[in-house]
2 protein chains.
Amino acid sequence: SVRNLGLEKIANTVRFPCKFASAGCTLSFYHYDKVEHEDQCEFRPYSCPCPGASCKWMGALSDVMDHLKKVHKSITTLQGEDIVFLATDINLPGAVDWVMMQSCFGYNFMLVLEKQEKYEPGNGQVFYAVVQLIGAKKEAENFMYRLELSTHRRRLCWEAAPRSIHEGVAAAIQQSDCLAFDTPTAQLFAENGNLGINVTISMVDGVRIMDRDSS
Amino acid sequence: SVRNLGLEKIANTVRFPCKFASAGCTLSFYHYDKVEHEDQCEFRPYSCPCPGASCKWMGALSDVMDHLKKVHKSITTLQGEDIVFLATDINLPGAVDWVMMQSCFGYNFMLVLEKQEKYEPGNGQVFYAVVQLIGAKKEAENFMYRLELSTHRRRLCWEAAPRSIHEGVAAAIQQSDCLAFDTPTAQLFAENGNLGINVTISMVDGVRIMDRDSS
Ligand SMILES: [Zn+2]
Ligand SMILES: [Zn+2]
Ligand SMILES: [Zn+2]
Ligand SMILES: [Zn+2]
């Protein structure tokens, strides 16, 4: 592969418009900044927020809930700021995802519990639990979520800002920016192979959002 | 190896006294129960509670604090129910232990943070944090401890009953009955390579212990 230094030089001095210009983005970038921006661009279409890469749907934020209701009908939704996310049969072998929706403050949140095999087979699994907002990154900053596992005299909890579905949960899991625990810990909190995770969503102090109708 | 079935038969029908009989244990057991009991026997001598197996000291519970003060002089002690356990240089390579003493309710607790290499070298490390009581198993049941990592808008916490030093922390770590987190999570909460863990010790509701002088 011969490098075309002439073309590279031009590419590094000319600004190109963002590839989501037709969707409304007015920014332009030198070649080397463009890819990074486009990954973050607020006009980039939203992917389906379901974990795993099986669903290839993409579209506008305003169409995400419709997509979920039509294509992912089996996902349960619970109303309220404080609910229990019950993951059944956590001892199922292999990589498994559990998904639930939580509706509060006029927003919809997707709760994800993901079980991954450890690097060496037979060494058990790691569980990752995380919450994402069906909303933009800016909106996600207005909330906090809390995940709690508890039994008599034992408790594990994690609090953080939810991810926007625009960022997705895969990065959060890869960076361990989520509640992570292994199989023996899961067993400490499970009952009959089912794991109940208390999920509490709250608004960050000082933020006021008009209560939207989430129906 | 030829099995001596005659001897095995006798061993399974005769009761033997606990090997700590001279220390005060009056119980006796069939051969197959004896080992299990002796592992739990309250008259078994106490080992040095420092993590790792480098110190071979054994003795009575009443001599443990003297041993620590004489032989493990470098261990810091903080007074109070609510303290910060500051682990410095958590990025040091390899397996490392951090140890601190916390003194409250007239008792001494040993705080342990242990860093272990994951199964596959290069895949990072796992941290385990746990609290043990310099006291008997029965006494440990009177307390709860809480470990908390926190920064602006992120928090990880773990609550459980402390281990007695008679049980030791190795089993707790092996069973993941402790606060366990990996290197990326440690980085989320560390500042300049130092990790501060908030430690709060409380008494279980309904328990009253006369305040002993811990000096
Ligand atoms: Zn753009
Ligand atoms: Zn989909
Ligand atoms: Zn005994
Ligand atoms: Zn020692």
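**A close look at the sheet**

A: Let's start with one pair of strands. In this predicted model, strand 10 (residues 143-151) of chain B runs antiparallel to strand 11 (residues 154-160) of chain B, and the two pair over 7 bridges. To find the spot by eye, look for Tyr145(B), which sits opposite Ala160(B) in strand 11 of chain B.

Now zoom out from that pair. The open sheet has 8 strands, and you can read them off in the order 6(A)-14(A)-10(A)-11(A)-11(B)-10(B)-14(B)-6(B), with antiparallel pairing. Strand 6 (82-87) of chain A and strand 6 (82-87) of chain B are at the edges; each has a single partner strand, so one side of each has no neighbour in the sheet. On average, neighbouring strands here are turned by 20 degrees against each other, direction ignored.

What about the chains that supply these strands? Take chain A: it holds 6 helices and 14 strands, and its C-alpha trace spans about 70 × 50 × 35 Å along the principal axes. Of the 215 residues in chain A, 44% are buried. If you take the contacts in chain A with a separation of 6 or more, 54% of them are between residues 24 or more positions apart. Chain A exposes about 11,900 Å², with carbon and sulfur atoms supplying 51% of that.

There are zinc sites to look at too. In chain B, the zinc ion (ligand 4) has Cys48(B) (SG), Cys55(B) (SG), His67(B) (NE2) and His72(B) (NE2) as its protein donors, lying 2.0 to 2.2 Å from it. Angles of 103 to 120 degrees among the 4 donor atoms make this site tetrahedral. Along the sequence, the donor residues of ligand 4 are spaced C-x6-C-x11-H-x4-H. Two of them link distant parts of the chain: Cys55(B) is in the loop between strand 3 (46-47) and strand 4 (58-59) of chain B, while His72(B), 17 residues apart from it, is in the loop between helix 3 (64-71) and strand 5 (77-79) of chain B. Cys55(B) is partly exposed, with a relative accessible area of 23%, whereas His72(B) is buried at 16%.

Methods:
Residues numbered from 1 in each chain as written. Chains lettered and ligands numbered in written order. Predicted model: local features only at pLDDT ≥ 70, side-chain atom pairs only at ≥ 80, totals over all residues. Heavy atoms only, no water. Pairing = 2+ DSSP bridges. Helix = DSSP H or I, 4+ residues; strand = E, 2+ residues; numbered from the N terminus. Axes fitted to C-alpha atoms, helices over the stretch in contact; angles between N-to-C directions. Buried < 20%, exposed > 50% of the residue type's maximum accessible area, 1.4 Å probe, protein only. Contact = heavy atoms within 4.5 Å. Areas by Shrake-Rupley, 256 points an atom, 1.4 Å probe, with all protein chains shown as cover. Donors = N, O, S within 2.8 Å, 3.2 Å for Na, K, Ca; no water. Tetrahedral: all angles 85-135°; square planar, octahedral: opposite > 155°, others 65-115°.
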